[in-house]
Amino acid sequence: MNLHALAFTREDIEVEMAASTDEGKAVPPELCAESERLMATDLSWKAAQEQAGKFLDQMHALALRPDFPYREPSDLRHIREERPESPQVPGYSLDRENLLDRLHGAWLGRAAGCLLGKPVEGWYRERLHGYLRDTNAFPLRGYIRGDVRPDILQKYEVPTDRGAFIERVECLPEDDDLNYTVLSHVVLQKHGHSFTSEQLAQEWLSRLPVLRTFTAERVAYRNLVDGIAPPHSGSYRNPYREWIGAQIRADGWGYACPGSPEAASELAWRDACISHVKNGIYGAMWSAAMNAAAFSLDSPRAIVEAGLAQIPARCRLADWVRTVMDWHEMGLPYDDACERIHAEWDEKRFHHWCHVISNAAIVTMALLYGEGDFGASVCCAVQATFDTDCNGATVGSILGARLGASRLPEEWTAPLNDTIETGVVGYQRLRLTDMARMSLDVIEKYKGGEE
């Protein structure tokens with residue numbers, strides 16, 4: 001029994017040091033020394049927990065270096081003031097039947113991309129590429145199989161139950177990437193587009209067991225239980241505040257606002273501020289805006305630009321997204337782009353593997369180098385490793401919304417049997433066609449002014 005699921009850990013201390021440095025804080029020598037002492041301490045004792053909390057408070061209070069070149073607010077008003085000037089995205093021009101098809105495509109695409117990356121989540125590049133080569137599946141071009149020779153399973157330490165490999169599934173097994181997409185629609189059905197962060201947080205506590213949350217979400221959960229409301233729940237003693245969690249929760253807000261990236265990004269902000277700050281929030285707003293734009297725009301590059309239009313121009317995430325866009329425009333090959341990302345971000349370092357920016361770079365790369373092809377795009381995302389199921393899901397969602405269910409290849413949709421399992425209380429097994437209809441209902445109520 002895990003009695004310490006909500007306690008401070010050595011990883012919290014290590015990640016806090018890296019996160020504060022990333023944010024541009026000047027960490028004094030005495031706090032560097034304190035971090036080393038805490039990481040060498042048995043943190044299971046109450047006194048050590050109190051010391052860890054005090055350390056996190058001291059790190060939070062540090063000022064930014066005067067030479068830090070980025071402008072990264074966390075409140076919505078100042079985020080919008082820092083946005084670049086960008087062309088407006090036209091509203092969608094789909095009739096009801098075609099809109100439903102595109103919504104279904106978004107749900108299917110998200111589930112398919114997630115299923116592609118799920119069995120190899122946590123695998124480093126050497127392991128994944130070696131496994132694919134030894135099973136004659138490199139470069140990646142379809143779902144990953146686990147029914148291979150025993151010596152290969154042993155060589156790559158494949159779990160005996162073989163997890164979510166394609167031959168073992170009849171639908172998408174539970175995954176937090178879809179848990180939050182479902183939960184967003186539960187909130188939208190109940191409260192409409194005018195929901196508050198507090199109402200969404202209440203649904204977390206009511207419908208999402210704590211052990212189904214991770215990193216920043218689990219910290220926020222602890223804060224909510226302790227009576228710390230959003231947005232402070234996202235910043236208080238939260239080393240994971242700029243990790244990928246809010247970005248993976250964002251796609252459903254785009255489904256609710258087709259053709260309206262600004263509206264989608266605002267809904268994503270209300271969600272993200274529960275558990276994240278700065279770039280952790282921007283990743284969510286960027287992803288939601290891209291999903292919304294995919295209902296109106298055809299070019300993957302234009303979709304990425306529409307996402308950038310909703311976040312600060314001078315933030316680290318935007319800087320990296322534009323860098324990847326420049327590589328693609330100059331003709332840098334996909335493999336070389338992967339190498340450059342891996343050279344800057346160390347997938348074997350916990351903080352880098354799950355950071356929002358490293359994974360946003362991969363999502364951008366997959367959208368551009370996949371050139372609008374669904375299979376090529378999700379495979380580009382997963383083959384690059386890092387957070388494979390999350391990146392596959394985000395890319396699949398955007399391409400699914402762009403193409404619609406009727407244009408998604410059957411080899412990607414058939415294994416899902418139009419079904420997902422979730423950990424959301426009351427919504428454990430769902431048909432994706434039903435979720436698409438729920439999305440449409442939310443849109444029509446909003447358009448009809450029934451808020």
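**Note on the predicted model**

1. Thr364 has its place in helix α20, and in this predicted model the residue is buried, with a relative accessible area of 0%. Once its neighbours within four places in sequence are set aside, Thr364 is in contact with Trp286, Val304, Val321, Val324 and Met325. A reader who opens the model at Thr364 can therefore begin from a residue that counts as buried, its relative accessible area being 0%.

2. Turning to the chain as a whole, the protein chain contains 24 helices and two strands. A compact globule of 451 residues would have a radius of gyration near 22 Å, and the protein chain, at 21 Å, agrees with that expectation. The C-alpha trace spans about 60 × 60 × 50 Å along its principal axes. Of the 451 residues in the protein chain, 59% are buried.

3. How much of the contact between residues at least 6 apart in sequence joins residues at least 24 apart? In the protein chain the share is 76%.

4. The structure holds 33 salt bridges, of which a few are taken up individually below.

5. Two of the salt bridges may be read together. Glu266 pairs with Arg80, with 3.1 Å between the closest N and O atoms; Glu266 belongs to helix α14 (residues 261-272) and Arg80 to helix α4 (residues 76-81), so that this pair links distant parts of the chain, 186 residues apart. Glu266 is partly exposed, with a relative accessible area of 25%, and Arg80 is likewise partly exposed, with a relative accessible area of 25%. The side chains of Arg125 and Glu339 also meet in a salt bridge, at 3.0 Å from N to O. Glu339 is partly exposed, its relative accessible area being 42%.

6. Is the salt bridge between Glu217 and Arg249 made by residues that are buried or exposed? Glu217 forms this salt bridge with Arg249 at 2.5 Å between the closest N and O atoms. Glu217 lies in helix α10 (residues 215-225) and Arg249 in the loop between α12 (245-248) and α13 (251-256), so the pair ties together parts that are 32 residues apart in sequence. Both Glu217 and Arg249 are buried, which here means a relative accessible area under 20%. Elsewhere, Glu16, Glu23, Lys25 and Arg241 are linked in a network of salt bridges.

7. Some backbone details deserve a careful look, because most residues other than glycine have a negative phi and most peptide bonds are trans. A cis peptide bond joins Phe138 and Pro139, with omega about 0 degrees, and Pro139 is found in the loop between α6 and α7 (150-155). Another cis peptide bond joins Pro230 and Pro231, where omega is about 5 degrees; Pro231 is found in the loop between α10 and α11 (232-235).

8. Which positive phi value does Glu371 have, although it is not a glycine? The phi of Glu371 is about 55 degrees, and Glu371 lies in the loop between α20 (356-369) and α21 (374-383), where at 66% relative accessibility it counts as exposed. Asp418, which is not a glycine either, has a positive phi of about 55 degrees and lies in the loop between α23 (410-413) and β1 (419-421). Asp418 counts as buried, because its relative accessibility is 10% and the cut-off for a buried residue is under 20%.

How values were computed: Residues numbered from 1 in each chain as written. Predicted model: local features only at pLDDT ≥ 70, side-chain atom pairs only at ≥ 80, totals over all residues. Heavy atoms only, no water. Helix = DSSP H or I, 4+ residues; strand = E, 2+ residues; numbered from the N terminus. Rg over C-alpha atoms; globule rule 2.2 N^0.38 Å. Buried < 20%, exposed > 50% of the residue type's maximum accessible area, 1.4 Å probe, protein only. Contact = heavy atoms within 4.5 Å. Salt bridge = Lys/Arg side-chain N within 4 Å of Asp/Glu carboxyl O.
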